[in-house]
Amino acid sequence: MTAETDRQADQPGEPTPAEAPEPSESPTASGARTPPPARSATRDRAAWLVGALALLLGSAFVAVDLAYNQGNLIAPIDDAYIHLQYASQLGSGHFFEYNTGDPVSTGASSLLYVFALGAAHALGFSGTALLAFAVALGLVCFAATALLTCRLGTALLGRAVGVWSGVLTAVSGPLLWGAASGMEVGLTALLVTASVLAFVRERPRARFTWTPVVAGLLALVRPEGLFFAAMLCVAMLWTLWRARALTPGRVLASVVPLLVGVAQYVFFLLATGTLRANGVQSKSHLYDRPIFYPGEFVDRTFANIRTVVDHFTGLNNTDFTFPLALVFFLGGIAYLLVTRPEWRALCLAVAAGFAAVVVSAATLSTALLHELRYFQPFLPLFLVFAAAGGYALTRLVPREGPRRYALHAVLLVMLLFTVVATPTWAVRLGRQAATIRDTDVSVGAWVSGNLPEDAIVGVKDVGAIAYFGDRRVVDTIGLATNGMAEASNNGTGSLYEALRSLPEGERPTHFAVYEPWPGAAMRPFVDAGVFASPPLVTFSVRTPPDLNNRRIVPFTEMHVYAADWTLAGSGDRAPIPGRVRDQVNVGSLGSEDHHDYEVRSAVPGFQPNTVLRRQGDVVDSGRTIVGGERLTARGLTPGRPLTVATRVLSGAENREVRVRIDGRDAGVWRLPDSPDAWTTAEFTVPGELVTSPEATVELEPTRPLLSPHPEYTSFGYWFVQ
């Protein structure tokens, strides 16, 4: 058999013994084949059986959750309760107010999912019943995804590929975990698969009706979905151009997902004053550290990409997918590109969409957490093309009989590697749900029963504590409380300043927090006396870790403290006498912004994180400095000598900094040797250097480039005349 006849024999509609017979295809005007009409849903028994299998296994995962929690349904991650809180507020008429009366916030990563759950709350679902609805919705969507995966594989390469793809989806541990988690994984997976299947169905007519609608919903359900939907927009426009059908109406319909994405960000801008959602401000490599370094951004992002690729390759860890899955996926894309010209636009869109999803999610510091949940919704489509890669591999077998057995053998091996990991994911789900029950859910129940009704609780995990605690919360990480993300990312000192700057009636009266990342360290609050010690109660993590010695939470203890704001603002008091013309509170982002403050680091990549410290009856924030600083002092009297006073902690070998006023040299300032306690240092600027009411003050190393650099902790500056 020649290569050409072999290629022709493998086309859908010209069945080999490896495939069930399909109706023949008819050529279009452009010469490309039209796929056979879809089978009736009632006749497509295999697809329905695959969907039933997915639903059955999903129910088994829920049963494991219940078994680990004494018959109670608990989400395996706290983030699910963030969606439930937003949804319950939305269903009660409080539009994206995390606490009643709060300004609109963008802590929910899925607008569409919150609206779906909000509608359920409006219909009467609340408390654990709303979580049950969310899980049921996820499982139904997952079952529908498996069914549509079966149909998509059949449409692309025949019944064998379709059925095997559906089964691989139905038994996928990560997908079952995500579907039963209470998160938007099931809904997103359904929209990803449905949008591609709609494209496959509508491409022959070059008239897209359902594809833009489904892709538009995909753009609303997850940020990664928007990137994938954008690639489908390009594929639709390319198809219209090739068919010479670029009419205004069809073009407008094809870009609906992009318009939906734009509308979403316009909503962010109008509601919060910024295009960036709170989750992006809190987690993105662009914003999660005080200073943005392009090289560090690339390094961190590509480290995440390498790990994600490693998971999808399935060589070092085969529980996420089977070995060489990524190779099969790329092989399936390449095979369809070469042998199926009618699917080239789709294949390029899928490849570009996957790349965009991986790169965009990899820019988040949380990209690898929660069982790679950002990537789980794209697994069904990944499995379709991986199965296509297995199909392509078996085309190398020259005889039709052995080729049929080779196809099923390859796909069976994929299935076996997937199935042996499925029970592990079920146990993982149960163990993680038990961990959340022992920590966040238990804290929420304790808060509800033990704190006054007017208590305000500062939290790190903002989901279950708010949902079950029935108290106003302040999110110290900044997902649900606007303005806290940047402060938290700058460190404990900036977080303290942001919290104490709240009106007294809005400051947290209590804190339910843990020590490690994510978010700023909490121990300095205890040491400074802002958290009254000892804690009111401590919740220890008793649930054993999984086989990889990991837990779904990053801590082993969570404490509830009463807050003590007695010394709030004590750090603003001037440490020297005289008339203070201006003050810069280092660590307070508002004060820093007002004074054009910036750290001039002498070491690329060094982060000037803020600290919180108490000395006597003074509590103040500061920044660790290696190099120097730049700031603008205002309200000065020109021509008069200026005393610059600073509260500083320094014990480094090099404590000398050069002072420049509006670019002119004012001399060298030798900071005091004070490694254990801050002291006040003063520097006098001659009157002739003060030429206007504003002066730019620069502190820089006396030996630029060369180590040792000046190292000190800067707590603030006062300008006295």
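**Entry 1, the cores.** I began at Phe385 and, setting aside its neighbours within four places in sequence, I found it in contact with Leu156, Phe328, Phe329, Gly332, Ile333, Leu336, Cys347 and Val350. I note at once that this is a predicted model. I then looked up where Phe385 belongs, and it is one of the residues, together with Tyr81 and Phe228, that touch the most other members of the largest nonpolar core, which has 159 residues. Helix 5, residues 127-157, gives the most to this core, with 16 residues. I also found a second, separate core of 28 residues, and among them are Val659, Ala666, Phe683 and Val690. As background I wrote down that in soluble globular proteins nonpolar side chains tend to be buried together.

I next went to helix 12, residues 256-272, whose 17 residues reach 24 Å from the first C-alpha to the last, close to the 24 Å expected at 1.5 Å a residue. Which residues of helix 12 are buried? I listed Pro257, Gly261, Gln264 and Phe268. Seen down the axis of helix 12, the buried residues fall within an arc of 55°, so they line one face of the helix. I then asked what the buried residues of helix 12 pack against, and the partners are helix 4 (111-122), helix 9 (210-221), helix 10 (223-242) and helix 11 (248-254). Just after helix 12, Gly273 takes a positive phi of about 85°.

I traced an open sheet of five strands in the order 4-3-5-7-6, with mixed pairing. Its edge strands are strand 4 (472-475) and strand 6 (531-540), each of which pairs on one side only, and the twist averages 25° from one strand to the next. I followed strand 6 to strand 7, residues 557-563, and found that the two run antiparallel and are joined by six bridges; within this region, Ser540 stands opposite Glu557 in strand 7. I then looked for what lies across the sheet, and helix 19, residues 422-450, lies across strand 3 (456-459), strand 5 (510-513), strand 6 and strand 7, running at about 125° to strand 6.

I next looked up the partners of strand 13. With strand 14, residues 664-670, strand 13 pairs in the antiparallel sense over six bridges, and Arg658 stands opposite Val668 in strand 14. These two strands form a hairpin with two residues between them, and Asp662 in the turn has a positive phi of about 50°. With strand 16, residues 695-701, strand 13 pairs in the antiparallel sense over five bridges, and here Val657 stands opposite Pro701.

Another joins Ser707 and Pro708, with omega about 0°, and Pro708 sits in the loop between strand 16 and strand 17 (711-720).

I then turned to positive phi values. Arg244, although not a glycine, has a positive phi of about 55°, and I located Arg244 in the loop between helix 10 and helix 11. Is Arg244 buried or exposed? At 78% relative accessibility, Arg244 counts as exposed, the cut-off for that term being over 50%. Asp596 is also a residue other than glycine with a positive phi, near 50°, and Asp596 lies in the loop between helix 24 (589-594) and strand 9 (598-601). I recorded Asp596 as partly exposed, with a relative accessible area of 38%.

Definitions and conventions:
Residues are numbered from 1 along each chain as its sequence is written. This is a predicted model: local features need pLDDT of at least 70, side-chain atom pairs count only at pLDDT 80 or more; totals for chains, interfaces and linings use all residues. Side-chain values use heavy atoms; hydrogens and water are left out. Two strands pair if DSSP finds at least two bridges between them. Helices (H or I, at least four residues) and strands (E, at least two) are DSSP runs, numbered from the N terminus. Axes are lines fitted to C-alpha atoms, for helices over the stretch in contact, and angles run from 0 to 180 degrees between N-to-C directions. Contact means heavy atoms within 4.5 Å. The expected span of a helix is 1.5 Å times one less than its number of residues. Buried means under 20% relative accessible area, exposed over 50%, partly exposed in between (1.4 Å probe, protein chains only). The arc is that of the directions from the helix axis to the C-beta atoms. A nonpolar core is a set of buried Ala, Val, Leu, Ile, Met, Phe, Trp, Tyr and Cys residues joined through side-chain atoms within 4.5 Å.
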